[in-house]
Every structure is written in C-alpha cells, then in structure tokens.
Amino acid sequence: MHRVQGSILDFDADRVLFLSQFQSLGILDRASQQVSWLATLPQDPPGSTPTYGALTPSGAAIQSGYGRIFTSVNGVWTRITSGRLDAVNGDSLVWVTEDGGRAYAHTPSTGWSRGIWSRTGSDSPFQADIAASGDIYYATYEEPFIRHLLVGTLGDHPGNLERPITDGTNVAGRWSDGSTSSSFLYTADGEEVALGDSIAGDPAGLLLHAGHAGFLRSDGDVNQVWLRTPDGELHQLSSFETSSQLDQQKLRVGHDGISDSGEVVFLNEGKRYIGRPGAAPEEISSALGHARWFDGSWYVTLGNTLFRVEATGAAAPPVAALRAGSKGLEGYYKEVVVRPIGDDALEEEPALLRRHESDALPALSDLEEATGLAGDAPDGAQAAAGCSAGGSAGPGSGAAAFAALAGLALARRRRRA
C-alpha cells in the first residue's frame with residue numbers, strides 16, 4: 001500500500017506516522033503521497049526501549065528513550081513531565097511518572113491533565129486502556145481489581161493483575177500466579193465470564209473488538225487461541241503442537257487482532273496466521289512486523305512498508321515486481337498478496353531523508369518539560385467510585401483536579417551536525 005522513508009510507528013485512514021534513520025518524524029498523507037516532516041527526536045539512549053508512538057486527531061504522541069514523552073498538536077510540540085506513555089486512543093492518553101508512583105490522563109488538544117492514581121514508592125506496574133469514548137480502565141499488580149475511572153471496579157481474583165483491555169462494550173483481564181494466567185470477561189450487563197486458564201509467560205493474552213474476545217487457553221501442554229463471539233459461542237482456532245501467541249504492539253495491546261466478524265490473527269513458530277471459526281488457520285506471512293484489523297481489511301506493517309492482506313486469487317502485481325531492498329523477504333511476498341497504490345511505488349526505493357533536511361526540522365532534544373501539574377490523587381487513593389460488578393466494593397475515591405499543561409511553541413532551529 002505504502003512505503004515510507006523509515007520505520008512505521010502507526011497509521012490511520014489518512015496518514016502513516018514513521019521515524020527516519022536520522023530520528024526525524026514524518027507523516028505520509030495516504031491520498032496525496034506527500035510527506036510532512038514534523039521534528040527531530042533525540043537519540044534513544046543505549047539499552048532503552050526504542051521510540052514508539054501513535055497518531056492523534058491533531059498530531060501525534062511519542063515515547064522517546066527513557067522518560068521522554070512528546071505530543072504534537074497542530075505542529076506545536078510539548079514535552080510532558082518525564083514518564084512512560086502507557087495508552088493512547090483518539091484525543092486521550094495515559095502516562096505514568098518516571099518513578100511509577102503516579103498516573104495521569106491527558107488530552108493533547110487542550111493540554112489538560114488530571115491525576116488518576118497515586119501510590120508513593122510503588123514498584124507495581126501501572127497499566128491502562130482507553131475506550132474510543134475516552135473511558136479509562138486501569139490496574140496494578142498490587143490490587144485484584146480492574147478500575148473504571150470515576151465509575152467502579154471489576155473483578156476480585158488472586159494473583160497479579162495484568163493489563164486490562166476494553167473495546168467500549170466488554171472489559172477483560174488476566175490474573176497470574178506465576179505459572180498460570182486466568183482470564184475473565186466482563187460484559188456490559190455486568191456479567192463475569194471465565195474464559196479459562198493459560199500457561200503464564202505471555203502477558204498479552206487477550207484481544208477485544210466489536211463484542212468478540214480472543215484469548216489464550218492451555219490444552220495442558222501449550223497455549224491455543226480461542227474466540228468467544230458476542231452471543232457467547234466458544235471456538236478453538238489453533239491446534240498446534242507449540243504455543244501460539246497473539247500479535248501485539250505497544251499502545252495497541254489487545255486491540256488489533258480481531259476483525260469485525262471474529263477472525264483472529266496470531267503467531268506460531270515464526271509465522272502469522274488468520275484463525276476463523278470452523279476453518280483451519282490460514283498462513284499469511286512471517287511473524288515479522290505487526291498485523292492490524294483496520295477499516296474492513298487486515299494490514300501488516302513491516303519496517304518501512306504497509307501491506308494489505310487480500311483474498312487468495314485477488315489480482316496483484318507479480319512477486320518479482322515487489323522489491324524491498326532487503327534479503328530474506330521473498331517468502332513474505334509469496335505469502336501475502338498486496339496491492340500497491342500505484343506502479344510508481346514499485347520502481348525504486350525512496351531516497352533517504354538527507355542530513356540537511358533533518359537539520360532544518362525543530363529539534364526536541366532541548367524542549368523543556370511542561371510544569372504545573374496538579375490534581376494528584378492522594379497517596380493510595382484511586383479515582384473510582386461505586387460498587388464492583390464482580391461483587392466487591394471498590395475503595396473510596398476523590399474527584400481528580402485538573403491542571404493545564406502549557407503548550408510550548410517551538411522555534412525552528414538548525415541542529416549542529
């Protein structure tokens with residue numbers, strides 16, 4: 001579908017967000033094929049998590065290296081106080097302070113932040129998910145509850161609670177004792193449904209979309225992929241001799257791998273499959289990159305290229321015409337049928353961003369952190385109220401105060417080579 005001048009971080013119906021080899025962020029307009037260069041990021045420190053990020057309606061949210069979170073709103077960049085970007089959906093994001101002791105909900109378009117969780121000295125991982133409506137569900141290992149911000153709690157099970165997820169209708173979570181992870185689904189009616197147990201070790205073991213739930217369940221020896229439909233039917237989608245895994249990505253954990261009709265993408269032994277109820281899994285590619293259900297089709301991002309998966313027999317360019325300039329990808333092209341936007345996209349590799357073009361972009365290395373954060377929840381307090389759908393009352397809550405994160409306009413400056 002598209003090839004860009006760097007590694008793809010995210011895409012939507014109109015744009016592709018990517019990072020060049022010179023740490024320059026760019027956005028490709030999918031209709032016009034024009035690239036807009038946004039800014040130059042500081043280099044990721046050795047050993048740090050590589051840069052990741054997501055598109056927002058007004059720009060992008062980026063995690064760069066240790067503790068550096070940047071947001072772009074209509075070309076104006078802001079650096080959020082040092083921390084970790086945990087979840088992004090639309091114009092909402094959740095981030096956690098660098099020491100892990102506080103969590104904030106932030107709206108990029110307005111710059112407003114609110115404290116949603118505080119636990120001074122906590123070493124328990126905080127993890128959240130955001131529905132399209134902006135509703136936030138979150139949890140930590142230290143507590144047995146999934147918390148719905150300002151609404152209530154779900155679940156009460158022993159073990160370490162892994163990341164909760166929601167599709168806006170259902171909510172799901174996994175509780176692990178170190179060897180076994182038990183998965184539970186919570187419906188819009190408040191019903192708790194046990195999805196079964198899986199062998200622990202894969203913290204991303206749940207998917208939710210359009211009322212469907214994909215999950216891992218052990219057959220005694222390995223983890224297999226299962227599907228629960230909106231009407232409650234259960235289907236086993238894999239039956240391999242080795243454990244299968246769900247295809248996950250930072251900031252989209254639990255969201256990409258189920259289609260509107262209940263197809264599930266999963267990985268096994270270095271290959272990617274589509275599982276369908278009542279049919280054998282269909283191998284579509286290697287396990288490289290990431291697959292995502294979007295806008296009625298399956299897509300795969302692989303390095304600098306965005307592919308669309310099409311039905312067997314669909315018209316497509318000859319395999320020989322698809323050139324990636326990288327060894328070892330021939331098998332991938334044979335397995336996935338793709339259709340480029342135009343023949344010119346296949347002629348040659350795009351020229352890499354030249355150094356002088358990178359130098360001309362706003363550099364975010366020296367951008368000062370936004371200050372004035374307020375509204376922290378008191379130590380140990382959670383911003384949630386009401387009774388638990390799982391039968392247990394949640395702790396009391398206080399209203400989270402709001403504080404503005406001032407937008408910082410960047411003057412364009414030339415970076416020294």
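# Close-up views of a predicted model

**View 1. The largest pocket has a volume of about 670 Å³.** This is a predicted model, in which local features need pLDDT of at least 70 and side-chain atom pairs count only at pLDDT 80 or more, while totals for chains, interfaces and linings use all residues. Residues are numbered from 1 along each chain as its sequence is written, and side-chain values use heavy atoms, with hydrogens and water left out. A pocket here is an open set of points on a 1 Å grid over the protein atoms alone, with protein on both sides within 12 Å along at least five of seven lines, and lining residues have an atom within 4 Å of a point. Grid points are joined across faces, edges and corners, and a volume is the space filled by probe spheres set on the points. Lining the largest pocket are 35 residues, and nearest its centre lie Asn89, Ala132, Arg252, His255 and Arg292. Two or more lining residues come from each of E2, strand E6 (52–56), E10, strand E14 (126–130), E23 and E31. With four residues, E10 gives the most to this lining. Strands (E, at least two residues) and helices (H or I, at least four) are DSSP runs, numbered from the N terminus.

**View 2. The second largest cavity holds about 50 Å³ of space.** A cavity is a set of grid points where a 1.4 Å probe fits but cannot get out. Rolling a probe the size of a water molecule over the atoms shows where empty space is left. The whole structure has two cavities of 30 Å³ or more.

**View 3. Phe11, Phe294 and Tyr299 form one aromatic cluster.** Rings of Phe, Tyr and Trp (its six-membered ring) pair if their centres lie within 6.5 Å; planes under 30 degrees apart count as stacked, over 60 as edge-to-face and the rest as tilted. A search of the whole structure finds twelve aromatic pairs. In one of them, the ring centres of Phe11 and Phe294 are 5.5 Å apart and the planes stand at 75°, so this pair is edge-to-face. Because Phe11 lies in strand E2 (residues 7–11) and Phe294 in strand E31, the pair ties together parts that are 283 residues apart in sequence. Phe11 is buried at 4% relative accessible area, and Phe294 counts as buried at 16%. Buried means under 20% relative accessible area, exposed over 50%, and partly exposed in between (1.4 Å probe, protein chains only).

**View 4. Charged side chains sit over aromatic rings.** A charge sits over a ring if NZ of Lys or CZ of Arg is within 6 Å of the ring centre and within 35 degrees of the ring normal. The charged end of Arg292 is placed over the ring of Phe11, 4.6 Å from its centre. Elsewhere, Lys250 lies over the face of Tyr52, at 5.3 Å from the ring centre.

**View 5. An open sheet is built from four strands, in the order E1-E33-E32-E31.** The pairing is antiparallel, and the edge strands, E1 (2–3) and E31, each pair on one side only. Two strands pair if DSSP finds at least two bridges between them. Strands of a sheet pair through backbone hydrogen bonds, either parallel or antiparallel. E1 is joined by two bridges to strand E33 (residues 305–308), and Arg3 stands opposite Thr305 in E33.

View 6. Ala210 belongs to the loop between strand E23 (206–209) and strand E24 (212–218). Its phi is near 50°, a positive value in a residue other than glycine, and at 45% relative accessibility Ala210 counts as partly exposed. Asp295 is in the loop between strand E31 (290–294) and strand E32 (297–302). Phi of Asp295 is also positive, near 55°, and this residue counts as exposed at 61% relative accessibility. Gly90 is found between strand E10 (83–89) and strand E11 (92–97), again in a loop, and is partly exposed at 32%. Leaving aside residues up to four places away in sequence, Gly90 touches Thr56 and Pro57, where contact means heavy atoms within 4.5 Å. Gly90 and Ile130 are 40 residues apart in sequence and 9.0 Å apart in space, C-alpha to C-alpha.
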